[in-house]
Amino acid sequence: MTKDEKKHLSRLAEFGCCVCRREGFGVSPAEIHHIRATAGMGQRSSHFDAIPLCPLHHRLGGHGVALHAGQKTFERRYGTETELLEWVRHALHTE
């Protein structure tokens with residue numbers, strides 16, 4: 001991992017969960033989720049194609065809340081991975 005990648009991932013983690021922020025809950029601790037839309041089969045996306053999600057929105061919240069528990073339902077409720085990535089990029093750029 002490069003110095004720039006480490007810096008970016010650290011900044012994402014400090015930003016907090018993008019879903020919680022969009023829903024008006026403020027900053028919450030975040031895990032890094034590499035979006036699947038920019039990756040090939042069996043490959044992980046670039047570290048720059050990642051979004052911050054709290055444990056509930058990433059993997060623990062169950063179907064309809066956690067991305068890994070049901071991606072289609074998650075995306076209908078909160079937006080696609082790509083939409084969230086663009087939102088995070090814009091928010092980081094304007095902070």
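Start with the whole chain in cartoon view: this predicted model has 5 helices and 2 strands.

Next, select residues 3–15, helix α1, and residues 81–94, helix α5. At what angle do their axes cross? They cross at roughly 90 degrees and come within 12 Å, which makes α1 roughly perpendicular to α5. Now show side chains: His 8, Arg 11, Leu 12 and Phe 15 from α1 meet Trp 87, Val 88, Ala 91 and Leu 92 from α5. Sorted by class, this contact has 6 nonpolar, 1 polar and 1 charged residues.

Now for the inside. In soluble globular proteins, nonpolar side chains tend to be buried together. Here, the largest nonpolar core has 20 residues, and the members touching the most others are Cys 18, Val 19, Ile 51, Leu 53, Phe 74 and Val 88. Color α1, α2 (18–22), β2 (50–53), α4 (71–78) and α5, as each gives two or more residues to this core. The biggest contribution comes from α5, with 5 residues.

Finally, zoom in on Cys 18. Beyond its neighbours within four places in sequence, Cys 18 is in contact with Ile 51, Pro 52, Leu 53, Leu 84, Trp 87 and Val 88.

Definitions and conventions. Residues numbered from 1 in each chain as written. Predicted model: local features only at pLDDT ≥ 70, side-chain atom pairs only at ≥ 80, totals over all residues. Heavy atoms only, no water. Axes fitted to C-alpha atoms, helices over the stretch in contact; angles between N-to-C directions. Helix = DSSP H or I, 4+ residues; strand = E, 2+ residues; numbered from the N terminus. Parallel < 35°, antiparallel > 145°, perpendicular 65-115°, else oblique. Contact = heavy atoms within 4.5 Å. Nonpolar A, V, L, I, M, F, W, Y, C, P; charged D, E, K, R; others polar. Core = buried A, V, L, I, M, F, W, Y, C linked by side-chain atoms within 4.5 Å. Buried < 20%, exposed > 50% of the residue type's maximum accessible area, 1.4 Å probe, protein only.
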